[in-house]
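Hello,

Here is the structure you asked to look at. My notes on its aromatic rings follow below.

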Amino acid sequence: MDKPIYITPKGLATLRAELDHLWKKERPEIVAVVHWAAGNGDRSENGDYIYGKKRLREIDRRVRYLRKRIEDAVVVDPKDQPDHKHVFFGATVTYINARDEEVTIRIVGEDEAESLKGKISWVSPVARALMKSGVGDVVTLRTPAGKDELEVLSVSYATD
């Protein structure tokens, strides 16, 4: 393991819910279909059997991945952050860039990142640039297009 798997309590609950759904609902349904299809005779041309076996492999692969991520996860609750003046994991940050665009993002774990919803991974370039900065600080973000300056407008640690 090269870096810790930080995750918020809500992110961990989401991973557990997905694992529970796959293992207790979807997998048993696919097993039943494969069992039924296997009883229909020639398996080499049986679409239900072939697709079902393929889907079972996909589910099993995802289940193994989720179990490992959950086992290795380090839960960091943003509300327990002692320093609410600086940017750390779990922070909701509003900043303005060099193009005068105001952006609000939340720094979360890799498994919970959704850039379209403003949730970015703590290992992303923007999050790394903002780490440890405070309100009024200007940080430099290196991008393929060049350097961008981000001015931190607010930092909060709201819970979900």
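The charged end of Arg67 sits over the ring of Trp23, 4.7 Å from the ring centre. A charge counts as sitting over a ring if NZ of Lys or CZ of Arg is within 6 Å of the ring centre and within 35 degrees of the ring normal.

This is a predicted model, in which local features need pLDDT of at least 70, side-chain atom pairs count only at pLDDT 80 or more, and totals for chains, interfaces and linings use all residues. Residues are numbered from 1 along each chain as its sequence is written, and side-chain values use heavy atoms, with hydrogens and water left out.

Next, ring pairs. Rings of Phe, Tyr and Trp (its six-membered ring) pair if their centres lie within 6.5 Å; planes under 30 degrees apart are stacked, over 60 edge-to-face, and the rest tilted. That rule gives 2 aromatic pairs. Tyr6 and Phe89 form a tilted pair because their ring planes are at 50°, with centres 5.9 Å apart. Tyr6 is in strand β1 (residues 5-7) and Phe89 in the loop between β2 (73-75) and β3 (92-96), 83 residues apart. Strands (E, at least two residues) and helices (H or I, at least four) are DSSP runs, numbered from the N terminus.

Tyr6 and Trp122 have ring centres 5.0 Å apart and planes at 70°, so this pair is edge-to-face. Trp122 lies in the loop between β5 (119-121) and α3 (125-130), 116 residues from Tyr6 in sequence.

Phe89 is buried at 9% relative accessibility, and Trp122 is buried at 16%, whereas Tyr6 is partly exposed at 29%. Buried means under 20% relative accessible area, exposed over 50%, and partly exposed in between (1.4 Å probe, protein chains only).

Regards
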